Structures are given as C-alpha cells and as structure tokens.
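Here is a set of questions about how terms are applied to one structure. Each answer sets a value against a definition.

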Amino acid sequence: MRDGETIKNDIINHLAQVIDPELNVDVVNLGLIYGIDLDEDGICLINMTLTTPACPLTGFLIDAITKEVKKVEEVKNVDVEFVWYPVWSPDRMSDAAKKYFGYEKKDQLRE
C-alpha cells in the first residue's frame, strides 16, 4: 500500500494533465488547486478556484479533473468544490506559468 504523500503527488501529477483550454496551461501551474484530501473510502476532495467566478469552463474542468484523478488507483470518487477565498491572482501561478504569460517577478518590477 502506498503512503499518503505518494498518493497526493500522484493526484497532483494527474491534475497537471488538466489544461485550461482558454489559457493553455494546466490547473496546477495556474495555481487553481487550493487543497486535496483523500479519505479512507477513496473519496478525493479537490478544493479549487477559478481565475474568475464567471468562468464558462466550470463543467469542463470538473469533468476533466474527475476523469484524471480517478486514474489514481486509490481514488474511487472525486468531489470538486470551488472556493473563492483567497481570491485567485497571477501571484498564485508557478514560475513556469508566469514566464509563459510574460509576467516578471515583483522584485524586478520595483527596480
């Protein structure tokens, strides 16, 4: 049996396969994933946000996330819950995503 950290990393790797079709970057690097919890019954709760509350891709993202995370052996079901605090901002993106979108580091902007 795999340990919790290994399973969580596997879940994150699968989430990184879910690409936001409008932005062409995955939900992990966009900083949309706020929390991952897997209970003893194999129910995986994904807490996430969107770049905007009016995002038209909500259904698409739920379906894509559910499909990917269910590929993890220990996951039997997936529940995606949207949270709006803290509010998403480009600061939540990975360095790779910031580079993709042309964001500079804050320190560089102050110089």
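Q: What makes the order β3-β4-β5 an open sheet, and how is the pairing described?
A: In this predicted model, 3 strands lie in the order β3-β4-β5 with mixed pairing. Strands are DSSP runs of E with at least two residues, helices are runs of H or I with at least four, and both are numbered from the N terminus. β3 (33-38) and β5 (77-82) are at the edges with a single partner strand each, so one side of each has no neighbour in the sheet. From one strand to the next the twist averages 15°.

Q: How do you know that β4 pairs with β3 and with β5?
A: Two strands pair if DSSP finds at least two bridges between them. β4 (residues 43-48) is joined to β5 by 6 bridges, running parallel, and β3 is joined to β4 by 5 bridges, running antiparallel. Both counts therefore meet the definition. I43 has N77 as its bridge partner in β5, and I36 has I46 as its partner in β4.

Q: Why is G42 called buried?
A: Buried means under 20% relative accessible area, exposed over 50%, and partly exposed in between (1.4 Å probe, protein chains only). G42 has 4% relative accessibility, so G42 counts as buried. G42 sits in the loop between β3 and β4, and its phi is positive, about 85°. Leaving out residues up to four places away in sequence, G42 touches E74, V75, K76 and N77.

Q: How do you know that R2 and D10 form a salt bridge?
A: A salt bridge needs a side-chain nitrogen of Lys or Arg within 4 Å of a carboxyl oxygen of Asp or Glu. R2 and D10 meet at 2.9 Å, N to O, so the pair qualifies. E74 also forms a salt bridge with R2, at 2.8 Å. E74 lies in the loop between α2 and β5 and R2 in the segment before α1, so this pair ties together parts 72 residues apart in sequence. R2, D10 and E74 are thus linked in a network of salt bridges.

Q: Is R2 buried or partly exposed, and what about D10?
A: R2 has a relative accessible area of 30%, so R2 is partly exposed. D10, at 18%, is buried.

Q: What makes the link between D26 and N29 a polar contact?
A: A polar contact is a pair of N or O atoms within 3.5 Å; within protein, one must be able to donate a hydrogen and the other to accept it, and residues adjacent in sequence count only if both atoms are side-chain atoms. The side chains of D26 and N29 make such a contact at 2.7 Å. D26 is buried yet has no salt bridge, the nearest side chain of opposite charge being R92, 12 Å away. Here Lys and Arg count as positive and Asp and Glu as negative, while His and the chain ends are not counted.

Q: What conventions apply to the numbering and the values?
A: Residues are numbered from 1 along each chain as its sequence is written, and side-chain values use heavy atoms, leaving out hydrogens and water. Local features need pLDDT of at least 70 and side-chain atom pairs count only at pLDDT 80 or more, while totals for chains, interfaces and linings use all residues.

Technical notes:
Axes are lines fitted to C-alpha atoms, for helices over the stretch in contact, and angles run from 0 to 180 degrees between N-to-C directions. Contact means heavy atoms within 4.5 Å.
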